[in-house]
Amino acid sequence: MPIETRIHGASGTVSQTAADLGAEAVAVPVRPGPVAPAAEVAESLPFTLDELLDLHRAKGEPGEITATQVRVGDRVRELLLYGVGDAAPADLRKAGAALARRGRGRTALVAGVPEGDLAAFVEGALLASYEFKIGAPPARRALGTLAVLTEAGPEAAAPAIELGAVRARATALARDLANTPSREKDPSWLAAQAERVAADAGLAVRVRGEKELLDEGFGGILAVGAGSARPPRLIELSYLPDGTPDRHVVLVGKGITFDSGGLSLKPNDNMKTMKTDMAGGAAVIAAMSALRGLGVRARVTGLVAAAENMPSGSAMRPSDVITHYGGTTSEVLNTDAEGRLVLADAIAYAAAELAPDAIVDVATLTGAAKVALGLRHGALFATDDDLARALTDAGAAAGEPVWRLPLVADYRAAIDSDVADINNIGRGGYGGGSITAALFLREFTGGVPWAHLDIAGPGRATSDDAEISRGATGFGARLLLRWLTA
């Protein structure tokens, strides 16, 4: 997995730790207000750190870094004054990310970290070190080692460091799966990756192929995958904790390994990011990978409905009627509204067969969600206020914010069909494309408390920013883990 930075706790002085690691740089946290550095740092400068910060008009804001040279121990090293703001979790996550990016190409860096959420700092540093590259490696590799100095010492810091590393590894796994080009990544490849994760994480796994999908009535998954030479799969991962579970949660992920739009073909530019159209499924697989390591007390089932949406003589057509798992029918008015068709099958199966206490689906579902909320917030729809509140709180804590949008009752008429139970896109005159998509999915929940996360905006990024990486961001994995461990 392409997270290369190693993070560990350290003891002793800055000088000794830097000497032991051969560190080229040391970092001192800065909050708004006067700076009180370690004596060994202050004594090596011909000016105060406050004077240096004033020169650069630095304010100690999260992610802000001011650099100078200083002799620490027996050699000259780079001194990084990095802002941590109020040292809230979001501040430390951003500060850790800034340090890791600033340290690219360095063998080692020693950083003092203030009291606070050390796990968030570690998450930020590791996720900012993420790289996905096919071919020659980048010229400047990620920071090699980050030694963390805290007042509590390395033993006390170790659990927080491990917690942050577990969350970061899960997010990196989601990014890896989504960033893999679709030439390699088809539904069977995704199923094989899920099987590998299951073996490593102590999960049970079942993969349904074409025959099982047909025999059991998964019409939506089959219809979406009908145009591709590479057939669909339904991946089912199962986690059972030691002892008696406190609840049963089903996570459902959209796993469209490439979305051409089908016969309702996308323009070329709109296809360029469609290798990441299975980012919801990647987030589910990634979250499942970390459950045992985090000691999650719930029973969790992960379902990933995987298909490739391609145009061909066998592809589904506008005006086709699909019979979904459980018997509900939907009329296809646009083959590019395919994600809801595969999710519908998985949600209906979960509600009918798995007896969950809650269902949460994650999907890069609609461009309308991006229009409504931009590229940093996911859209949240829910039939249960407590579930919505818990997911919103988890997203805020994880640095993956969501905003609840309404399931507008008056918009339900937009998905009425003349020939089937419902149609797969909202009719004209209603707008609210993300809302009508959520209303479509609600039809399959069987009254089970349900939430839908539309991550079309934050699931992808056009540039690096703090812990966010260009390309697939892994959005949703940390949110789900925070929720399941709350």
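Reader: I'd like to start with the aromatic pairs. How many does a search of the whole structure find?

Author: The idea is to look for rings whose centres lie within 6.5 Å of each other. In this predicted model, searching the whole structure turns up six such pairs.

Reader: Take Tyr 325 and Tyr 349: how far apart are the ring centres, and at what angle are the planes?

Author: Planes over 60 degrees apart count as edge-to-face. The rings of Tyr 325 and Tyr 349 have planes at 85° and centres 5.6 Å apart, so this pair is edge-to-face. The pair also links distant parts of the chain, 24 residues apart. Tyr 325 sits in the loop between strand E11 (321-323) and strand E12 (329-331), while Tyr 349 belongs to helix H12 (residues 339-353).

Reader: On to salt bridges. What is the count?

Author: Here you look for a side-chain nitrogen of Lys or Arg within 4 Å of a carboxyl oxygen of Asp or Glu. That rule gives 34 salt bridges. One of them joins the side chains of Glu 78 and Arg 102, at 2.7 Å from N to O. Glu 78 is in strand E4 (residues 75-83) and Arg 102 in helix H4, so the bridge ties together parts 24 residues apart in sequence.

Reader: Which domains is the chain divided into?

Author: Domain 1 covers 6-167 and domain 2 covers 182-485. Their C-alpha centres are 38 Å apart, and each domain puts 13 residues into the contact.

Reader: What area is buried between domain 1 and domain 2?

Author: About 1,100 Å², with carbon and sulfur atoms giving 57% of it. On the domain 1 side, Arg 93, Arg 101 and Arg 167 supply 49% of the area buried against domain 2, more than any other three residues.

Reader: How many salt bridges are there between domain 1 and domain 2?

Author: Four. Look at Arg 101 again: its side chain meets that of Asp 464 in a salt bridge, 3.6 Å from N to O.

Reader: Which helices of domain 1 each supply at least two residues to the side that touches domain 2?

Author: Helix H4 (89-102), helix H5 (118-128) and helix H6 (154-179) each do that. By class, this side of domain 1 has six nonpolar, one polar and six charged residues.

Methods
Residues numbered from 1 in each chain as written. Predicted model: local features only at pLDDT ≥ 70, side-chain atom pairs only at ≥ 80, totals over all residues. Heavy atoms only, no water. Domains from an automatic or database assignment. Contact = heavy atoms within 4.5 Å. Buried area = accessible area lost by both parts, 1.4 Å probe. Helix = DSSP H or I, 4+ residues; strand = E, 2+ residues; numbered from the N terminus. Nonpolar A, V, L, I, M, F, W, Y, C, P; charged D, E, K, R; others polar. Phe/Tyr/Trp six-rings, centres within 6.5 Å; stacked < 30°, edge-to-face > 60°.
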